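Subject: Structure handover

Hello,

I am passing on the structure we spoke about, with notes on what was found in it. Please keep it open while you read.

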Amino acid sequence: MDLADIRALLDTRWDDDLVPRLVDYVRVPAKSPMFDAGWAARGELGAVLDEARRWAGGLGIAGLTLEVVELPGRTPCLLFDAPATGGLGNERTVLFYGHLDKQPEMAGWREGFGPYVPVIENGRLYGRGAADDGYAVYAALSVLQGLDAKGIARPRCVGLIETSEESGSPDLPAYLEALAPRFGDVQLVCALDSGCGNYEQLWVTSSLRGLAGGTLTVEILRHGVHSGAASGLVPSSFRIARQLLSRLDDPATGRVLLPELHAEIPAERLEQARQAGAILGDAVWQQFPWASCEHLPQPKVEGLDAAARLRAQAAAHAAPGHLQAQPTTTDPVEGLLNRTWRPALSVTGAADLPLPRDAGNVLRPRTTLKLSMRLPPTVDAELATAAMKRSLESDPPYGAVVRFEPDHAASGWSAAPTAPWLARALEDASRHAFGRPVAWIGEGGTIPFMAMLGERFPKAQFVVTGVLGPQSNAHGPDEFLHIGYAKKLTVAVASLLTAVR
């Protein structure tokens, strides 16, 4: 089918409407509840949902119903329902998913940029949340309006847009229980909260890692004491914490040591990693902002596209005398498997540690660390959390008081075999929108909704995709939405919907 008219319509919609709305969305500090205990009183989560609902109500989609649903004590969500068109029945449903809550600010933004300071530069919208994934609800409903405007038949489409995803979706099970009967027979789930290996073709996510973690506290004294009097006799709480972390992973290699946190990698996923590695090559690891010793001038990358930027940086890093931090592996396939099917531990926060300028010669009474453990897609997150707690709290060194307080755990997801009709539709969608074949890749992030939906709708097919590509830096400083890629992805979604029958 020729989607040229749809492409032109959606491009205009993005330029004239969606980009300005996402600029406004970036300005709102709609942080997820884990990062803002006062979210209910502040009202930003409700505000961004209300704005999306108000906008959608003006699209003129025939029969569209919109409802902000708020269960007691939980973050709100937006539910939309658009009946099928073109003579198609409403017996089967396409379910869209997205979220409008955001990660916290994080330091390190470039001068003139910031989490709530929208900046458009070189076709990118910088700021927190537009790509992860405030664009989703606007893109999905623009697809429906575009298809309807051109008289192209599409199936019934419902959407669930939540506001607790960045906290691990703790409120989603309750909403799923309450709203799933209204979804009907879900044939296809389309989630727009994932990533892409490059900005040149459609990428479909085949798996997502799970997440376990919590807060580790090691206490050795009731209060701080003079380090000259106590060090060497009183063990450092930080050293004890280091010992405990070494129970979880090998400090030399990062390999997680708990067998309960590992899973066998399916043959299909190994083959997909090989194919994605062949496409991406060194970009798998070169996309990250590695620290380097400034022995040589840094390359000028302003105005270059992503591929040219990576080439310039790689050439500079390879120059004699240039020292650069290194990844765990430079093998593209092993790199992809490391970040998608193998567990990995990160320390993402700390307490009870003064800033260096405020640190005196005092032996601190305790050390508190926030731990984040990414899990293989098929590992049960609750069992993994229990294994971590046993390992950390058993037989504490020096009899220290050790507590591991788990956070909300989220199991990962691995897609069921792709139906032949969907494989053909995705290939067509990628070629319509990008002129290149579709590619498949595992992602290292977590979308708890996918595992929940997989259990609720075991016969449904899943298309998990998104705009978080090289250097888009979700959750970090200088996070951006690649506007050109988002436009093409929207066209690909439109093409996909025409194949659902």
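All seven of the seven residues of strand 6 (residues 156–162) are buried, so strand 6 is largely enclosed by the rest of the structure. Buried here means under 20% relative accessible area, exposed means over 50%, and partly exposed lies in between, with a 1.4 Å probe and protein chains only. Helices (H or I, at least four residues) and strands (E, at least two) are DSSP runs, numbered from the N terminus.

This is a predicted model, in which local features need pLDDT of at least 70 and side-chain atom pairs count only at pLDDT 80 or more, while totals for chains, interfaces and linings use all residues. Residues are numbered from 1 along each chain as its sequence is written, and side-chain values use heavy atoms, with hydrogens and water left out.

Arg156, Val158, Leu160 and Glu162 point one way from strand 6, and Cys157, Gly159 and Ile161 point the other way; all are buried. Strand 2 (residues 77–82) runs antiparallel to strand 6 and is joined to it by five bridges. Two strands are taken as paired if DSSP finds at least two bridges between them. In this pairing, Leu78 stands opposite Ile161. Strand 3 (residues 92–99) runs parallel to strand 6, with seven bridges between the two. There, His99 has Glu162 as its bridge partner.

**Strand 13**

Of the ten residues of strand 13 (residues 366–375), seven are buried, so this strand too is largely enclosed by the rest of the structure. Strand 9 (residues 210–219) is joined to strand 13 by ten bridges, and the two run antiparallel. Gly214 stands opposite Leu371 of strand 13. Strand 11 (residues 344–351) also runs antiparallel to strand 13, with seven bridges. Its residue Leu345 stands opposite Met373.

An open sheet of three strands has the order 15-8-16 and mixed pairing. Strand 15 (413–414) and strand 16 (439–443) stand at the edges with a single partner strand each, so one side of each is left without a neighbour in the sheet. Strand 8 (residues 203–208) runs parallel to strand 16, and five bridges join them. Trp203 stands opposite Ala439 of strand 16.

**Two helix contacts**

The axes of helix 3 (residues 44–57) and helix 4 come within 11 Å and cross at roughly 15°. Axes are lines fitted to C-alpha atoms, for helices over the stretch in contact, and the angles run from 0 to 180 degrees between N-to-C directions. Helix 3 and helix 4 are therefore roughly parallel to each other. Angles under 35 degrees count as roughly parallel, over 145 as roughly antiparallel, 65 to 115 as roughly perpendicular, and the rest as oblique. The contact is made by Glu51, Ala52, Trp55 and Ala56 of helix 3 and by Val137, Tyr138, Leu141 and Ser142 of helix 4; contact means heavy atoms within 4.5 Å. By class, the contact of helix 3 with helix 4 has six nonpolar, one polar and one charged residues. Ala, Val, Leu, Ile, Met, Phe, Trp, Tyr, Cys and Pro count as nonpolar, Asp, Glu, Lys and Arg as charged, and the others, Gly among them, as polar.

Helix 7 (residues 237–248) and helix 12 (residues 381–393) have axes that come within 9 Å and cross at roughly 140°. That makes helix 7 oblique to helix 12. Leu244, Arg247 and Leu248 in helix 7 meet Met388, Ser391 and Leu392 in helix 12. These residues divide into four nonpolar, one polar and one charged. Ser391 counts as buried because its relative accessibility is 13%. Leaving aside residues up to four places away in sequence, Ser391 touches Arg247, Leu248 and Leu258.

**Backbone points to check**

Most residues other than glycine have a negative phi, and most peptide bonds are trans. The peptide bond from Asp132 to Asp133 is cis, with omega near -20°, and Asp133 is in helix 4 (residues 130–149). Gln471, which is not a glycine, has a positive phi of about 65°. Gln471 lies in the loop between strand 17 (461–464) and strand 18 (480–482). Asn473 is in the loop between strand 17 and strand 18, and its phi is near 60°, also positive. At 30% relative accessibility, Asn473 counts as partly exposed.

Regards
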